[in-house]
Amino acid sequence: MKHKHFNTIYFKIIKDLTLLFIIFIFSMISLFLSGYFFEKKKIGDINAIIDNTYQKQELISLMLVEIQGLELGYNDFQKVRFQKEFDQIYLRNKLSIQRIANISKTVQFGGKYEYYIKVNESEQDQVLKTINYKNSEECKCYSLAHINALLIQLDSLNNTLQNYGFNYAKNKGPKFEIFTKQAESYFNRLTELGNTVSYNVYTTLSEKRTQSINNINLFLKFKNIILFIVVLLVILYGYKSYKNIKQLLADYESNYQQANILKQAIEESPVSFVLTDPDGNIEYVNTYFTEQTGYTREEAIGQNPRVLKTGILPQSFYKSLWSTIKSGKTWNGEFCNKTKSGLIYWEQAVIAPLKDNNGEIIKFVAVKVNITEKKNLRNSLKETSQSLERIINHLPVGIIILNNKKQVLSINNEASKILQYNNIEEANKHIINNVCHNCITKTEKGKCPIFDLGMKEYSLQERSMKAKNGEISVLKSAIPLKINDEDVLLEAFMDISAQKASRQKEKEANEAKSNFLANMSHELRTPLNGIIGSVEILKNIELTEEQKQIFSIIQTSGENLLSIINDILDFSKIEANKIELELIEFNLLELIEQIIKQFSYKAKEKNIELLYSIGSDVPDVIVSDKAKLNQVLVNLVGNAFKFTKQGEIFINVTLDRILENDYIINFKVEDSGIGIPKDRLESIFEAFSQADSSTTRKYGGTGLGTTISRKFVEKMGGEIKVISPNPNCENQNIGSVFKFFIKAEGFKHKQLEDFRNLPDMAYFTNNRISAEIMHNELKKHQINCKIYRGIKKENIPALSSTHQCVLLDLNFSKEDIYQLIDNIPIQTKVVLFSYLKVTSENLPKQNIKLVMYKPLIYSDLYKNLNWLFEQNIEQKKEVNILQDNILFHLKILVVEDNVFNQKVGQKLLNQLGCTVEIAENGEIAVDLVSKNSYDIVLMDVQMPVMNGLEATELIRSNGNNVPIIAMTANATVKDREICITSGMNNFLTKPIRKDELLKILERYQLKKQSSK
């Protein structure tokens, strides 16, 4: 049946292809014959005429060229000077007439015409060219007879002139003029006839071209029509063939596929398929059966399925099976069988009888699936589940499992203990099948973090749970799982009630420690405030040298004691892990300049160069912890001063790199001090550690400054290191470099002020670092400056012509300074940099216009230079000098409980021109403020009866906006926030420093003046 269908299809396809091939051959023969006809009869003849016409056109062109040459020859008769020339022209004309006549004859009758073409100008190399022309009716030219007649007349005219002779042509008499006019008329007629012939040829050529194109187009149309007809026939016949073949294939598929699908499905099925006769003998098995059992198809056919029996199942099992299928019912169950090699496996089987039309059983069919792995997995899961249950029950962590209805499914032994039940049975009785928020958790209905609020999971969170005897604190995690296709929640927890109680005690101990430190800070700073304040007062009194030394010792001791107290308090905060960053936006340049000003008195006292430099790419404003960065720099600069006797201390700030939104800023503090031994470099940042014990005795200090600095730097995302000796020191055995970096955000660049209008300058200094910094600073602001390291005679004359300003560092000998200044022209302005007081009595010349005291602040330098060259002044002795005799006309209320500090504060403020009243506590202060008007209230925070915070809140509640400045020994950010929150305007840390107090007074003095 299959072959019959295929033979029918093949015969039909061959028949259709044969017919299509015949149509194709017939079409190709038709196209070939039609193409030959057109090519031979139509297009070929016309193309032959066109080619012949091209030959004629070339002959006519040669004729016109020869006529033009002949005309030129006749014109040459008018220019003859010798007999030889006359004879040459005559002969040349004769030849030209003969060539024209030959061309005319060829055009008129046809034939071959040969002529030479020059290859070069010398005519030594010529090429013979041949034109073959066939005369025909299409190429007839009726003007050639007239051309021949004119040639005869021109030849006669040429002979006549030859007969008259050379003298006749040379003298150009009347007859020669007649000859010339005759020649001219002949040539005009020749040219006219030649153009007519050329036009006739061109017209003929155009007509034949058009005719040829029309014939080609006609042929193409005919060809396209034939092709269209052929393609149409192929498509129509092809479509008809396609329909016939498709119908045949459909018939074939419907008959053949029906028989093949079932067998293919059975063969490729991943289950065993067995067909037996009514007695159970195998008649057919599929491929999977052979793969599963190891028996080939030939070995299995004829056998009874009992060859697969293992003996594990009882005989009754098989009897029941046989009884079921013999009765005409379907049997379903599990078999334990073995392969040909003896390997045991399990099968899930369905056995059904097949009946004929009379209902008689004629076959049995069995479909069997291998379930060995599944059965083993079930057994393994059962064992695993039992093992897991044993593990969970013995875990030292509480485990509770909830279903998606939040009901407790199971609880382990440890959970029952944590929830304070006597045993697991008691816990199960009270908890199993109950909703969790009724028995173990405090979560409200509808607010389960995972089931209700969609949290994926949470881990190790501190939570409260309900126990038998009350609430307990646990560390708990919850993980959603699936068990038997059901969503469950596994909660694991451990009791941390004891740890929490311990943490609470630790917290209370830390708070007690903090309170103790705060009280200690207050108690220590209060007498220090009196000591340091008294020294500030006495410094303004005329003292003997011995008294000055004593007060200097008192002030230094007080400052050292204050530094020790600050270090101990900061270290205590670090140990208590209470250091937090206060990220604010601040000006980095201003911070560095403030530190320079803060240490200016020490630099002056020890005659040490204090220098700083900030890279041009370092932004002005950053976001970081200003207070901690300031303290790190102050600690490092303070250490540098402590261990440096002479030389310089240099603060260098550069931009390292940019990491996404974080910017890495490098800081270096270099000194030329005693240095640090190599074996102590690693321990320099340890608490209470210095280079050696003798250093501690000699220089003092706690050894906590570097430890605190390291903690602060690490908190700001950086790292601090130390190098010793300083590689930049000329003496290789001295100095150290502390370098660190921080991460900062929120950079802002300030537009640099343009100082290009300032004149060229010269700078004289003995210090290498000063020279480098000055060069970079002035270059950054586009100021031209020549740097001189030292004063040399050969450099002085150049100043008169090239520099209008000289910057002079007074670190030279007196003789060198006088020599330099004496040789500076009077119109050149001199700016001095000095640590010492410079007065008009010791100025050597009047061209010193400005004195700036070191350490030098470069922002002040730019302002002063700009001012100096904008002002039209003759002389300026000193500018930018802090005046100590400024008076402030302010009425101030000092609220302080310590009598000694009351007197010190009153005396210091009176010296500054202020009117002072005293209040012993906050309660008195509130009463005085309500009755009197004050410009400022200086409010101590810790006082008996009523403290400063309570007093401030009462003053603000009464609607009084008097400026209140806190005075406290507690200097943390948190303390500042507490003061500001209570209503205070600003913050002074005890002991009160005069420069900080002056800033406060200046601000409110200006405010008072502006209000007037």
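Biologist: What makes Asp625 count as buried in this predicted model?

Modeller: Its relative accessible area is 0%. Buried means under 20%. Therefore Asp625 is buried.

Biologist: Why is Lys628 called buried?

Modeller: Lys628 has 9% relative accessibility. The cut-off is under 20%, so Lys628 counts as buried.

Biologist: How do you know that Lys628 forms a salt bridge with Asp625?

Modeller: The closest N and O atoms of Lys628 and Asp625 are 3.2 Å apart. A salt bridge needs a Lys or Arg side-chain nitrogen within 4 Å of an Asp or Glu carboxyl oxygen, so the pair qualifies.

Biologist: How many salt bridges does the structure hold?

Modeller: It holds 10. One of them joins Lys368 and Glu347, with the closest N and O atoms 3.5 Å apart.

Biologist: What does the pair Lys368 and Glu347 tie together?

Modeller: Lys368 lies in strand E7 (residues 361-370), and Glu347 lies in strand E6 (residues 344-355). The pair therefore ties together parts that are 21 residues apart in sequence. Both Lys368 and Glu347 are buried.

Biologist: What makes Lys780 and Glu777 a salt bridge?

Modeller: Their closest N and O atoms are 3.4 Å apart. The limit is within 4 Å, so the pair counts. Lys780 and Glu777 are three residues apart in helix H20 (residues 768-780), so about one helical turn separates them.

Biologist: Which residues are linked in a network of salt bridges?

Modeller: Glu609, Asp809 and Lys854.

Biologist: Why is strand E3 said to be largely enclosed by the rest of the structure?

Modeller: E3 covers residues 272-276, and five of the five are buried, so the strand is largely enclosed. Ser272, Val274 and Thr276 are buried on one side, Phe273 and Leu275 on the other. In a regular strand the side chains alternate between the two faces of the sheet.

Biologist: How do you know that E3 pairs with E7 and with E4?

Modeller: Pairing needs at least two bridges. Five join E3 to E7, so these strands pair, and they run antiparallel. Leu275 stands opposite Val365 in E7. Three bridges join E3 to strand E4 (residues 282-285), also antiparallel, so this pair qualifies too. Here Thr276 stands opposite Ile282.

Biologist: What do E3 and E4 form?

Modeller: A hairpin, with five residues between the strands. Gly280 in the turn has a positive phi of about 90 degrees.

Note on methods: Residues numbered from 1 in each chain as written. Predicted model: local features only at pLDDT ≥ 70, side-chain atom pairs only at ≥ 80, totals over all residues. Heavy atoms only, no water. Helix = DSSP H or I, 4+ residues; strand = E, 2+ residues; numbered from the N terminus. Buried < 20%, exposed > 50% of the residue type's maximum accessible area, 1.4 Å probe, protein only.
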